[in-house]
Structures are given as structure tokens and as C-alpha cells.
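Me: I have a chain open here and want to go through it. Can you start with how the elements are counted?
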Amino acid sequence: MPLTYAFIEYGGPDVQRFLDVPAPEPGEGEVLVEVRAAGVNPVDWKVREGMHRAFLPLRLPATLGREVAGTVVRTGTGVVGLAAGDRVFGSTVGGSGGYAEFALLPAAKAARMPDGLSFTDAAALPIAAGTAYESLAELGLTPGQRLLILGAGGGVGTIAVQLAAMDGVAVVGTASAAKREFLQSLGATAMAYDRDDVADRLRDLLPAGADAVLDLVGGDALPGVAGVITEGTRVTTVADEKIAARFGARPLKRTGGTGTLPALAELVAAGKLDPCVGRVFPLAEAAQALALVESGHVSGKVVLDVAGRR
């Protein structure tokens with residue numbers, strides 16, 4: 001019987017466990033994938049806690065995880081362009097179901113993996129990298145403009161830094177002091193967010209203000225950098241819509257566009273974009289992997305090696 005790592009009710013880590021369940025059947029427009037790798041994201045534990053159940057109703061027990069890479073086993077009705085044996089990656093159907101030996105993907109939003117892209121790297125792309133890619137598309141920056149990324153050291157931020165720098169954008173990113181050198185290596189001017197003089201230092205770095213701000217933190221992060229937000233600054237948030245609205249921010253609405261994942265995959269395969277996979281755990285250590293992400297003290301992406309179990 002295929003193995004999944006699920007939560008049996010909403011709550012903390014104590015509600016998580018391995019379950020033996022039949023492989024799901026692909027419905028119309030879906031593909032069943034034999035999972036080789038699965039990404040681990042902060043949203044996973046938030047779903048488990050019940051923070052998203054108002055807009056993401058799940059039948060419990062529900063398998064954790066939202067992004068996978070693997071091989072198509074079979075397709076549902078109405079699927080065109082994908083067939084058994086294709087190497088694909090993408091976000092799971094219904095917002096959950098990734099920490100498993102088999103998962104369902106919407107065929108319309110699954111992307112083929114190009115040569116040179118590993119399953120581990122592919123599994124790290126749909127959620128964080130996809131969010132970064134679409135955030136920058138929303139901001140519409142041009143070469144030479146200045147972008148401030150709040151929370152640049154996380155999974156979304158590290159990709160956003162690279163993509164923006166690749167386009168000739170000058171990037172300033174706030175992050176923990178421990179991630180400063182890493183962000184500098186990716187192309188950002190990094191600043192520790194816990195310094196007392198962060199507002200003054202940002203004004204020194206951006207005397208004319210930022211052309212755009214990408215808020216990946218929420219809370220007091222945006223008010224804390226109000227000094228570099230001018231009338232012409234474009235602000236996008238993926239964190240705190242209510243506070244961000246005070247600065248004219250528009251919350252990012254993920255489109256999951258068909259061009260997002262192929263574009264990211266080609267950049268990684270060509271060696272132009274680092275998916276920043278920091279840790280890889282076997283599926284048997286899914287609890288430890290999620291605990292690390294939940295702690296907030298991880299550099300780069302965390303990925304589960306599901307293929308290693310078979």
C-alpha cells in the first residue's frame with residue numbers, strides 16, 4: 001500500500017503520522033504522478049494548523065505538502081499533451097497531497113521537466129519560485145530600477161533576488177544577519193532587519209526611495225521602511241494585506257500561469273537560477289523536515305526525497 005504523511009485533524013505536530021492509503025485516481029484534467037521529490041513549505045504547517053480551512057476545505061485525514069516532481073503514471077479524462085512516463089512537476093490538486101508516494105496534479109498546470117533539471121530542484125520550484133516569478137511580473141521593473149525585498153532570505157526571497165538581479169534591477173534585501181553573505185552572493189545588497197538603525201541605513205542606500213517593494217514578511221515590516229516608500233513606489237505583498245493596503249499595496253494573486261513553471265525550469269536547467277535547496281530529507285523524516293521549516297531557522301528550500309524510499 002502506498003505511503004503518505006498526513007494529519008488526521010487540525011492542530012500541531014502531534015496530529016501528523018504516516019498512513020497506508022490507496023493511490024488516488026486521477027479525475028478529469030488530472031494526472032497521477034509517482035512522486036520522486038516533494039517540496040516542504042511554511043504553508044504546509046499552516047494548513048495543518050487550520051489557518052487556511054476557511055478557503056481551503058479538506059477532507060481529513062489529509063496528506064501534507066503542495067508541490068512535487070515525479071513521473072506520470074496515468075492520466076484522467078480530457079488530458080492532452082501529457083502521457084505516462086513523462087517527467088513533470090507542479091502544485092498538487094486541492095492544495096494538499098505532496099508528502100506521498102503518489103500525488104495528483106492538474107494537467108493544465110503541470111510542466112514537463114527539461115533535460116538537466118533534477119527531481120529535487122524541480123520540486124523546489126512551484127510554490128516559492130512561482131510566487132517570486134509572478135511577484136516580479138506584477139511589479140514590472142525595468143533595468144536600473146531599485147527593488148526592496150522584505151524577508152529576502154526565505155524561499156521566495158532568494159529566488160526573487162536572483163530573478164530581479166538577472167534583469168538588471170538593483171536589489172536591496174532585508175534578512176537575518178546570518179544570511180547576509182548568502183544574499184550578497186545572489187546579487188542583493190543585504191541588510192539585517194533586526195538592527196536598530198535599519199530605517200536610517202535604508203534611506204542612505206535608497207535616497208530617492210525604492211521603485212518597488214516586495215513584502216514577504218507582513219506585520220511591522222512595511223511600516224518600518226515607510227521612509228523609502230514614495231508616491232511612485234509600487235508595493236506588492238504576499239504576507240499581510242491589511243497593513244500593506246495602507247501603502248497602496250496589492251496582494252499577489254497567484255495565477256499559476258502556464259508559462260511560469262517552464263520558464264523557471266529552463267533557467268535552472270541552464271544554470272542561470274539556483275533553486276537554493278538547503279536540505280534534503282528522506283520521506284521517513286518528513287516530521288523533522290517540516291519541524292525545521294516551522295522553526296523558521298532554515299536557509300534555502302527543504303525537499304523530501306521520496307524516490308529514496310523505494
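Reply: Helices and strands are DSSP runs, a helix having at least four residues and a strand at least two, numbered from the N terminus. Note that this is a predicted model.

Me: ok, how many helices and strands in the chain?
Reply: There are 10 helices and 16 strands.

Me: And what radius of gyration does the chain have against a compact globule?
Reply: The chain has 19 Å, which agrees with the value near 19 Å for a compact globule of 310 residues. Along the principal axes, the C-alpha atoms fill a box of roughly 60 × 40 × 30 Å.

Me: What share of the residues is buried?
Reply: Buried residues make up 52% of the 310. The accessible surface is about 13,600 Å², and carbon and sulfur atoms account for 50% of that.

Me: What about contacts between residues at least 6 apart in sequence, how many join residues at least 24 apart?
Reply: 67% of them do.

Me: Switching to α9. Which of its residues are buried?
Reply: In α9, residues 260-269, the buried ones are Thr260, Leu261, Leu264, Ala265, Leu267 and Val268. They lie on the same side of the helix, because their arc around the axis is only 165°.

Me: Last one, charges. How far apart are the mean positions of the positive and negative ones?
Reply: They are 1 Å apart, for 28 positive and 34 negative charges.

Methods: Residues are numbered from 1 along each chain as its sequence is written. This is a predicted model: local features need pLDDT of at least 70, side-chain atom pairs count only at pLDDT 80 or more; totals for chains, interfaces and linings use all residues. Side-chain values use heavy atoms; hydrogens and water are left out. The radius of gyration is taken over C-alpha atoms; the globule rule is 2.2 Å times the number of residues to the power 0.38. Buried means under 20% relative accessible area, exposed over 50%, partly exposed in between (1.4 Å probe, protein chains only). Contact means heavy atoms within 4.5 Å. Accessible areas come from the Shrake-Rupley method with a 1.4 Å probe; for residues, only the protein chains shown count as cover. Lys and Arg count as positive and Asp and Glu as negative; His and the chain ends are not counted. The place of a charge is taken as NZ of Lys, CZ of Arg, CG of Asp or CD of Glu. The arc is that of the directions from the helix axis to the C-beta atoms.
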